[in-house]
Amino acid sequence: MSDARDTSCDPAGASGQPGRVGLASDLLDWYDRHARALPWRIPPLARVAGVKPDPYRVWLSEIMLQQTTVPAVKPYFEKFTTRWPTVSDLAAAEDADVMAAWAGLGYYARARNLLKCARAVASDHGGIFPQSYEGLLSLPGIGPYTAGAVAAIAFDLPATVVDGNVERVMARLHDEHTPLPEAKPILTEMAASLTPQARPGDYAQAVMDLGATVCTPRNPVCGLCPWRRSCAAWDAGTMAELPKKTPKKRKPTRHGIAYLARRIDGAWLLETRPEKGLLGGMLGWPGSEWSDDPQEAPPIRAEWKTVPGEARHTFTHFHLRLTVKTCLVPFDRPPERGTFVEADTFDPEDLPTVMRKAFSLARGG
DNA sequence: GATACGTGGTG
DNA sequence: TCACCAAGTAT
């Protein structure tokens, strides 16, 4: 781990401190000048002046940011913090309201675990988040990354935070060619050995910001990097090919049928999907199974018409081509599955994206 | 360790 | 069009 290059070229090393401290300090200097302003972030100057982050906002942002970009998260973060300003407010919310508010953001298990976690904090911890890595890790939806991030950012504990950005930065800094996920423990050890005791919260955010804005997956901007002089991949010219990753499987294509039934008073036939599995707990159109050759499964007796075209959508591990069928039914006909939702209560924004696409196709948009 | 789990942006 | 990628977790 103690690469000679780490110490040979940095001022702190020359002044007698270990090279790793020099690297952390260089990065914090960079962060003080280049930290992005984000709705959940306390700017470095304010942090140094003693302003503390709200653990609820840190936790909420970190859950939303899992596998999700900053621009996608921003409006959802504003919506959640406006509607539920504290963890106790969130804990008291209805499941359906939270799932509807999360609709469109993806990875819906996050929303289910978000509520479980808020309720655990409210009922088992008096509405206060546990202030330790282990305590945080024990909560639903909080894994090693998020426990470290909240510990560091909210409580300024010297936790090592390893996300995709940090993996990439470490792989390049040390010119590590072992492919992910095999390299994860190695990269984690590298990250741990760099984590400073001073300002761990700012440092955690700084490494991730570096990865997000300078040490990017494609076209890294090495000319602006505070760690360029210490970067082994820069020396070797291998930045563009790191980190190595084991190749992913091709996605198969599945087919399905979505049934959009409208009652004469304008109500729509919807159903809440089972808690487990794909789109678990979300509102959606009744439908067939998604497979090579789906079987008809109309949720109500009616004269169904097939909408021309298909709704196409790609999930994490397969492509979906959805045939959309519509019908109009009388007021007194009971459905075999699902529940009619009054027209003035129904908002397509409450649906996951694939279901919105089916709705758009049916409406001719 | 491998797999399931969303979505939108990008080259 | 298409594969890759993003502040991962649960099983």
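The second largest cavity has a volume of about 60 Å³ in this predicted model, where local features need pLDDT of at least 70, side-chain atom pairs count only at pLDDT 80 or more, and totals for chains, interfaces and linings use all residues. Residues are numbered from 1 along each chain as its sequence is written, chains are lettered from A and ligands numbered from 1 in the order written, and side-chain values use heavy atoms, leaving out hydrogens and water. A cavity here is a set of points on a 1 Å grid over the protein atoms alone where a 1.4 Å probe fits but cannot get out, and lining residues have an atom within 4 Å of a point. A volume is the space filled by probe spheres set on the points.

**Cavities**
- Among the residues lining the second largest cavity are Val-166, Met-170, Tyr-203 and Val-207.
- H14 gives the most to that lining, with 4 residues; helices are DSSP runs (H or I, at least four residues) numbered from the N terminus.
- The largest cavity holds about 120 Å³ of space, and the closest to its centre of its 15 lining residues are Arg-172, Cys-215, Cys-222, Cys-225 and Cys-231.
- H12 gives the most to the lining of the largest cavity, with 3 residues.

**DNA strand C**
- Surrounding DNA strand C are 25 residues, each with a heavy atom within 4 Å of it.
- A polar backbone atom of Gly-143 is 2.8 Å from a phosphate oxygen of DNA strand C.

Terms used
A polar contact is a pair of N or O atoms within 3.5 Å; within protein, one must be able to donate a hydrogen and the other to accept it, and residues adjacent in sequence count only if both atoms are side-chain atoms. On a 1 Å grid over the protein atoms alone, a cavity is a set of points where a 1.4 Å probe fits but cannot get out, and a pocket is an open set with protein on both sides within 12 Å along at least five of seven lines; lining residues have an atom within 4 Å of a point. Helices (H or I, at least four residues) and strands (E, at least two) are DSSP runs, numbered from the N terminus.
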